[in-house]
Structure formats: C-alpha cells, structure tokens
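Here's a walk through one protein model, from single residues up to the whole chain. Take a look at it first, then read on.

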Amino acid sequence: MGDVIQLEKLSKTYGSRRGLVELDLTVSEGEVFGYLGPNGAGKSTTIRLLLDLIRPTGGRALLFGRDPREHAVDLHRRIGYLAGDFVVDPRQRVGECLTFLAALRGGVPKTRIAELATRLDLDLSARIKTLSKGNRQKVGLVQAFMHQPDLLILDEPTSGLDPLVQQTFLDLVREAKAAGQTVLMSSHIMAEVEAVADRVGIIREGRLVALDTVARLRDHAVHRFEITFTGSVDHAALAALPGISDLTVDGSTVRLALATGPDTLIQVLARHQVASLRASKPDLEELFFAYYQPTDAGSRENSHA
Ligand SMILES: Nc1ncnc2c1ncn2[C@@H]1O[C@H](COP(=O)(O)OP(=O)(O)OP(=O)(O)O)[C@@H](O)[C@H]1O
C-alpha cells in the first residue's frame, strides 16, 4: 500500500518561534494514525502545513505523493478536514450549511447527511449560532465524513463532545478504516487514540519524540502488579527485577510496577507460594505523561517566548 502522507524534514518557524522542527513521518493507505502532544507541541501546525493553509520554512509535505500547493483543488476533494477551530456562517441552518459544503465536495446524498446527523444527535434544522460548542463540533464531523474521502484529517475531533458522542465518533473512524480510508487525528486523549489508532506519534516542542504501533507502545508501558504470598518472600529478588519501580510491602502483599512486561516477575514468582496475583492493564497514559514532560531546552524556549 502506498503512502498517503509523507513528511520530509518538514519545518515551520513563526518569526523566532518554533512551530515544527524537521518532522519525518509517513502515514500509509488505510492506516489510522493518532497524533498526540501537549498544548503548543505543533499538531495543528503539522495539519495546516499538510493542507497548504500555511507554508513550510523547510522540508516538504506530500499528500498522495503530490504537492499540496500545486494540486490543492484535486487533493482537497479527496480529503475530509476538521479544523481545530472549525467555523462556519453562524446565520445558516445546519442542514443548509451541510448541503452547501456537500455541493463544494461534488455532491453528497441527502440520506448520508441525515444518517450522520441522526447518529451524532445533531438537529439539521437548528441555526448554527444557537448551537453549543459540542453541537458545532458535530457539524464539523459531519462535513468531514459525509463525502467518504480517501483521507480524513481531524484536528482534535472530540473536543467538546460528550462521552456518548465520542463513542459514535470512534465508530465512524472504525467504519472509515474498514472502508479503506486513511485517518490522521490529533488528540490530547490517549484512550481514544488507543481505541482506534494503528500507530501513534507523539510530538513535543515541535519534534516527534515517539512513533510506534499502539501494540508495541503497550508492551513498553508500565505494568502494575499486586501479589499476595502465602510463604516467605525473597524481597531482594523482587527488588532486583529489571525495570522495577514503586515496590511496596504490606504484610504478605507486595505491590510493584514493571516497565518491561511480566516475564521476569513470573520467573521469580515461580519460586514462591502465591495466594493471589493481580495485574492491571498497562497504563499508556503514564507512558505518555513521561513524554509530555518539557525538556530543559523547551522550558528555556518557553521562557523566551
Ligand atoms: N500563527 C502563529 N504565530 C505564532 N506562533 C504560532 C502560530 N501558530 C502556532 N504558533 C506556535 O507554534 C507552536 C505550535 O503550535 P500548534 O498550534 O501547532 O500546537 P498544537 O500542538 O496544535 O497545540 P494545541 O494542542 O494547544 O492545539 C506553539 O508554540 C505556538 O505558539
């Protein structure tokens, strides 16, 4: 399968401010890619560069192997885009607005718009200016998904949505993937990215600091265990486990965290009498918080800003 998105040393500075620093990234056809990072990391900058809404100061971005500037009209037809700050004419009714946008995308069956609106619980007859933030976001989602584009670029798509609608959104992404569409979505929420993404990239201070499949990231995430022993415990053997942290002993119960997966722990436990063992789901949030910590360079940069 080909690459739908190719970023090569893509860079953007805003005056003296860092936006994006030499980003190399590819997203393949049919892939759901989760793009995570703290506020100001460079997620929206990447997306705007991809859509040629802003111009790079270095490197290049290709969509479907083509330059987004030269082929803007053709490419935009193949893309569904939800901006982080999605804005439309507030005087229009939702249905009118979506019909207008559908015409710009070469026409969309009315039933498709109605189906998406029903699933997202969006009133097509309401005036946009009367909508809450969450309901406006639903308009943004419908216009991005309605023409079943080859590529969906979604900048914080669940911002303002209640948990039920967030689930509907995740279903839409799964359906898009099943139909062979490619999705790039930025988010602050690990759980939603984990639920649908094949791969995750984490950006911090304009640089990609992690890029892997969700499955492999999970292998490297912290695993927490609670073990209750019936006999004596070799505490030294537990304390010597590679990647161990947060070891606590409470009578015959030991709690610990491992950054390496359970294998070495199981080998030690095999030499003990174990009454019970509880393992919690690997916590990706914890892993991500570690990536989110600003570096010294970042702190310096921020203090200059
Ligand atoms: N128009 C602009 N002028 C100056 N600096 C900008 C501009 N747009 C973005 N920046 C800076 O570029 C950096 C990256 O911003 P960007 O909006 O891409 O981050 P983000 O990851 O999308 O953040 P958020 O999660 O808060 O939306 C930030 O330091 C930001 O202040």
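Histidine 147 is buried, because 21 other C-beta atoms lie within 10 Å. The cut-offs behind that word: buried takes 20 or more other C-beta atoms within 10 Å of a residue's own, exposed takes 12 or fewer, partly exposed is in between, and C-beta atoms are placed from the backbone. Histidine 147 sits in the loop between α5 (133-145) and β6 (151-155). Helices (H or I, at least four residues) and strands (E, at least two) are DSSP runs, numbered from the N terminus.

A quick word on the model itself: it's predicted, local features need pLDDT of at least 70, side-chain atom pairs count only at pLDDT 80 or more, and totals for chains, interfaces and linings use all residues. Residue numbers start from 1 along each chain as its sequence is written.

Now compare leucine 51, which is in the loop between α1 and β4 (58-63). Leucine 51 is partly exposed, because 19 other C-beta atoms lie within 10 Å.

| Residue | In contact with |
|---|---|
| Leucine 51 | Pro68, Tyr81 and Ile153 |
| Histidine 147 | Gly80, Ala102, Arg105 and Val108 |
| Leucine 184 | Ile5, Val27, Phe33, Tyr35 and Ile153 |

Histidine 147 and glycine 107 are 40 residues apart along the chain, with 7.7 Å between their C-alpha atoms. For leucine 51 and glycine 134, 83 residues apart, the C-alpha separation is 24 Å.

Leucine 184 brings us to the largest nonpolar core, which has 59 residues. Such a core is a set of buried Ala, Val, Leu, Ile, Met, Phe, Trp, Tyr and Cys residues joined through C-beta atoms within 7 Å. Val142, Phe145, Leu152, Ile153, Val183 and Leu184 have the most contacts inside this one. In soluble globular proteins, nonpolar side chains do tend to be buried together.

Which residues are around the ligand? They are Tyr14, Arg17, Gly19, Gly37, Asn39, Gly40, Ala41, Gly42, Lys43, Ser44, Thr45 and Gly84. To count, a residue needs its C-beta atom, placed from the backbone, within 6 Å of the molecule. β2 (17-28) and α1 (43-50) are the elements giving two or more residues to this shell, and α1 gives the most, with three. By type, the shell splits into two nonpolar, eight polar and two charged residues. Here Ala, Val, Leu, Ile, Met, Phe, Trp, Tyr, Cys and Pro count as nonpolar, Asp, Glu, Lys and Arg as charged, and the others, Gly among them, as polar.

α1 is largely enclosed by the rest of the structure, because six of its eight residues are buried: Lys43, Thr45, Thr46, Ile47, Leu49 and Leu50. After α1 comes aspartate 52, with a positive phi near 60°.

Zooming out, the protein chain has twelve helices and 13 strands. Of its 305 residues, 32% count as buried. Among contacts with a separation of 6 or more, 71% link residues 24 or more positions apart. The C-alpha atoms fill a box of roughly 75 × 45 × 40 Å, taken along the principal axes.

The chain divides into domain 1 (3-208) and domain 2 (221-290), bounds that come from an automatic or database domain assignment. Their C-alpha centres lie 41 Å apart.

Technical notes. Two residues are in contact if their C-beta atoms, placed from the backbone, lie within 7 Å. Lists of a residue's contacts leave out its neighbours within four places in sequence.
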